[in-house]
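Dear colleague,

Here is the structure I promised to pass on to you. Please open it beside this message, so that you can look up each residue as you read.

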Amino acid sequence: MDDLLQEFIIETRETLEALSGEIVAWESDPGDRGRLDAIFRFVHTVKGSCGFLDLPRLERLSHAAEDALAAVRAGNRQPDRRLVDAVLAIVDRIGEIVEAIDAGSSLDDSGEELLLNALEERVDVTQPVGIAPQAVVARAPTRSVRLSVDLLDRMMSGMSEMVLARNELARRLRDEAGDPGLESALGRLSATVADMRDTVTRTRMQRIEALFSSLPRMVRDLAAQTGKMVALSIDGADVELDREMIEMMRDPLVHMIRNAIDHGIEPPAERRAAGKGETGRLAICARQSGNRIIVEVSDDGRGIDTNRLVAKLSRQDPARAPTLHALSEQARADLVFEPGLTSRDDVTSISGRGVGMDVVRANVEQIGGRIALENRPGAGLTVSIEVPLTLAILSAVVVSVGDQRFAIPRQAVEEIVASRGSAIRLDAIGDEHLVTVRERRMPLADLGRVLGCQDRQNLPAMLVIVDVPGGAFAIGVDGILDTEELVVKPAAPAIMSAGIYAGQTLPDNGVPMLLLDCSGVAARAGLSFRREEEAEEPPAPAAPAPEVLVFDDLDGRRRAVALAAVDRIDRVQAEQVVSTAGMWRMVVDGRTVPLVANGPVPDTGQAAVLRFHDAAGEIGYLIRGASDIVPLTNAVVPALGAGAILGVTVIADAPVEMLDPLWILGQRPAVVPAAKPTFRFEGAEAQWMSSFLAPALEAAGYRRDDAHGEVVLTLDDAAPPAERLVRLSRDRDRGVYCYDRAGLVAAVASHVGGRR
């Protein structure tokens, strides 16, 4: 409150000084409406501030002057000389009281009643009104001054130039024979520059109390509007934060408090029924953690009904229902950040319009912050906002790519690991890579390839795992050089237009360095993230399990295919896919590759192609995009009919259809017969048959036994005859055609029990 009172004194004093000429001019021309409005705004502002700061004498005087001036503005009273004198006397008295408050001295209120009567009864205040002579209150010396933020930014920029000049001087002294006297002077200069830099930085800081000061009134009004009883507690108001950050956090904080009162805290009757006190508790806490500020808004209301959110989104988009029901409890709570989602069925003046937490998160992430939820169903909700201490000074990690140096914002970095560590695994899918860090899988973006400054053949030495809106990914770099507190400046427009830089920084060595925009790097690398699909991962299997590639098909369904059967994944433009000779095709390296599509082929935009091949050729399968690689820990239930779907399995607690790679290669219908005995593969093509033929036979009910299989299958013409040998061929007119699923199953069935 002391800071608010001091700010009120400074503002009132400045306004009085600015109005001195206006008051004199209004005295000579009482009909000047512009000057009348300026004086009215002044007394109105004083009256409003006095009510909040509990200054009854000032409030009474300013209220009376406001009423008189309002009557003049409304045309109900003429601005005669006596009224002008009375208003001037009131304004002068306000100035005297403000100076007394600033000096900490008392001021007798005798005579103030006569000033008020002069306004009401038009007493000539130029005549003696019985105010006892009082000693003039000396203005307390003030050591504060108001500066514009632009001026502070210029000061910070100047300090950065001083740092560069100091570093240049230090390098010159190192290169030449050093003079002990000069080195000592340079040391003092360096200490002074560092101290001044810290001081200039702190000029931008302001107590977060300025953000919290208006909250009690807002909570009181919202509680009365909703018919609820709310007790507000505020802690950490003395924490200091960059003034610009305070302004940027104002709207998100107000929205969270409105949500807590309207959605979270229950009405008194509902709280009594739940065994709670009638008065809900709303706690706002601010604390500093390193170079970041954490603001928490916590209530003891009903929390988030995650089942209600899932049901509402499932009704809006039925295709997402399986994925939504597979989400973890935390991911379900995070659905409140869905654009356009509201948990209310009716629209009120407070909420229900579907414009809310998604905007809050976007605003917080725009300033380098993060927002997290701790949901306690039936017991309340805690929303945590974590933001940088200041936007002027940025903590950054300096990385190297070849002979180039770049900075990555420290708040975006989750961890840094060596690419060849024991807990790291890299999987290649075509030309791209996925990295798994302690069972957490994410895409990898090689910074050298993204920037076009390096065409490496080997993997990067270090991985910087960064968090971006919607997910996380790894940035591959050659080395980690340092962490520094840097001053950020805008880069040249030509550089900023690249979309992958957030500005340039000036490290202590004086060499300008570009600051990377992690979201821009992800976009340039072709990475995209979807928050709603953060389902719980299945538990790690006790024994190694085959891996499957999970993807989104053209018909909107989520499917999977054996990873070993996929040769590579290509991204293609819709214009590259054409329908010729009765099927879809694309041109690759001057030759056509046939494509299979299980849904409408897009006319515009991008799609992905799963490419399969064997000795006879290759074929592609069009999809929307790959999603993940997961171990197949559950059994595959065979499909009831023949076609592209081999069967169905369970991945992340949701049913997922398994694609049949043999059907893709052969495009022939298949019949699922009854259960049959075991089989095994022999010959040079055993690996290929394991990937493509085994799923079809297992779906038909046979069991693979590489040691003692009853029926032997081979593509080797030179294999010696055997009693239960099935010779396969890639020639449709000779032997059993290996792409004929029905013929393959029938051939195996004919050899059961020794029949040939």
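Predicted model: local features only at pLDDT ≥ 70, side-chain atom pairs only at ≥ 80, totals over all residues.

Strands of a sheet pair through backbone hydrogen bonds, either parallel or antiparallel. In this model, six strands form an open sheet with mixed pairing, in the order E21-E25-E26-E24-E23-E22. Strand E21 (568–573) and strand E22 (577–580) each have a single partner strand and stand at the edges, so one side of each is left without a neighbour in the sheet. From one strand to the next, the twist averages 40°. Within this sheet, strand E25 (residues 606–614) pairs with strand E26 (residues 617–623) in the antiparallel sense over seven bridges, and Ala608 has Ile623 in E26 as its bridge partner.

Turning to the side chains, the count comes to 31 salt bridges. One of them joins Arg271 and Asp300, at 2.9 Å from N to O; Arg271 belongs to helix H11 (residues 268–273), whereas Asp300 is in the loop between strand E5 (292–299) and helix H12 (306–316), 29 residues apart. Arg271 and Asp300 are both buried.

Another salt bridge is formed by Arg441 and Asp628, whose closest N and O atoms are 3.6 Å apart. Arg441 lies in strand E13 (residues 440–446) and Asp628 in strand E27 (residues 625–631), so the pair ties together parts that are 187 residues apart in sequence. Arg441 is partly exposed, with a relative accessible area of 21%, and Asp628 is partly exposed at 26%. Finally, salt bridges that share partners join Glu266, Arg271, Lys276, Arg281 and Asp300 into one network.

Notes:
Residues numbered from 1 in each chain as written. Heavy atoms only, no water. Pairing = 2+ DSSP bridges. Helix = DSSP H or I, 4+ residues; strand = E, 2+ residues; numbered from the N terminus. Axes fitted to C-alpha atoms, helices over the stretch in contact; angles between N-to-C directions. Salt bridge = Lys/Arg side-chain N within 4 Å of Asp/Glu carboxyl O. Buried < 20%, exposed > 50% of the residue type's maximum accessible area, 1.4 Å probe, protein only.
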